[in-house]
Amino acid sequence: MAEIEKKNILIIGQGSVPCALAKKLKTYEQTGEIYIAPGNGVDAPYYTNVDIREEDLTGLLKFALENNIQLTIPTSEKALKSDIVSFFQSNGQNIFGPTKNACSIATNNTTGKKFLYKIHAQTSKFGIFDKIQMAEDFLKNATYPITIKCKEYSSIIDDRLVCPTRSLASEYLTNLFNKNETDILIEEFTYGNSFTVYFVTDGYSAIPLTSCANYKFTQEGDGGILTNGIGCFAPDYRVSQVAIQRVENIVKNTLTSLERKGDSYMGILGVECTQTGEDKFYVSEFKPFLQEHDATAILNLCEDNLLDIFTACINGFFADEYEQIKMNDMTSISAIILARQGFKAIKGLENIDDIENIQFINIQKSDEKLYTKAKGAVFNLTRTAATLSRAKKYLYEDLEQITFDGMKYRKDIAAVIEV
């Protein structure tokens, strides 16, 4: 029997997403060594951290050549914005991800919103402003609450603000313009269930992975700060197959429009939506890859070999070899754990049965102990089971085992979902 050729893989990014992907890829027999640059500072048996910045394209290429890397996967916005995909492709390297131009719809809030309008996707009323007076005029006639976003997409906790009143919106806008921000996006906030559908695409055809329910506010009952995501469950049983097919049509229109401009999008593309009724939704924005709050949850459901799928996309065989991507019948639920301050000792991790359910985002190690590194997201904990209620039970049982001063997480993820 012929020996299987092992592929060395370089994943580019920080936080929990590259680690979750490494964990999944390591389960395949053709996977060789996995390296993550720059990683999250925590060693694991299934990957090695490499101290190279995400935007250091020359350094990353040099590492790839010296370590016989057969596949590079950028999960980082910084790397994508630096156009690592075009750079690696021009140097003969296999890389699975979108070019800078193609992914601008997902890494630039204003570009993405204009694009949704261009392809006639149903989205909330919005305006994009360079001058404060024009922005103030928009506020006069807006329906509140409204959301204000800066131009550049960011996965950090406080990259957007929901303003319930005009006075608060005006105050926040003044601060942004005083910081010389441009292309500020103001949009009316849409009430409903937030969900994302992720697709794998070679730039021409796209196949959905699954739907994912998003919890975006930091406090129970959707209070506090609006984030990119603080928890999730997948699949989202409230999203019908009809709705997923309609999202798929939006993705097809997106790929066609990008391809006409010569900017084919290869990679994972997320479409975030707000469900307003049965089979009804507004499209909020695009996502350039899996996110901190949902990566492990989604990857735990995928049965097909992602390494083969990514390679098929690169080599142009994706549409010929795949009509669908097989997902299992399990359910995943995740919660991001927040810290109110840095350098607090994290206790109880040894009590978790499967420590690989934890993906670290922002921690530091000292004297063989783990500490919170700064205020904000610390780690993501995911549990997967046959039913959502069972997965939820396991998740919160695990979270009760972990403690540190100032620890916070949402306690109502999937609270009203009975499946």
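The largest cavity holds about 70 Å³ of space. A cavity is a set of points, on a 1 Å grid over the protein atoms alone, where a 1.4 Å probe fits but cannot get out; lining residues have an atom within 4 Å of a point. Grid points are joined across faces, edges and corners, and a volume is the space filled by probe spheres set on the points. The model is predicted: local features need pLDDT of at least 70, side-chain atom pairs count only at pLDDT 80 or more, and totals for chains, interfaces and linings use all residues. Residues are numbered from 1 along each chain as its sequence is written, and side-chain values use heavy atoms, with hydrogens and water left out.

Across the whole structure, the search finds 3 cavities of 30 Å³ or more. Residues lining the largest cavity include Ile105, Asn108, Lys149, Ser284 and Phe286. Two or more lining residues come from each of α5 (104-107), α6 (109-118), β8 (184-188) and β13 (280-287). Helices (H or I, at least four residues) and strands (E, at least two) are DSSP runs, numbered from the N terminus.

The structure has 0 disulfides. A disulfide is a pair of cysteine sulfur atoms within 2.5 Å. The sulfur of Cys150 lies 11 Å from the closest cysteine sulfur, in Cys163, so the gap is too far for a bond. Cys150 is buried (under 20% relative accessible area; exposed is over 50%, partly exposed in between; 1.4 Å probe, protein chains only), at 17%. Cys302 is buried too, at 4%.

How values were computed. On a 1 Å grid over the protein atoms alone, a cavity is a set of points where a 1.4 Å probe fits but cannot get out, and a pocket is an open set with protein on both sides within 12 Å along at least five of seven lines; lining residues have an atom within 4 Å of a point.
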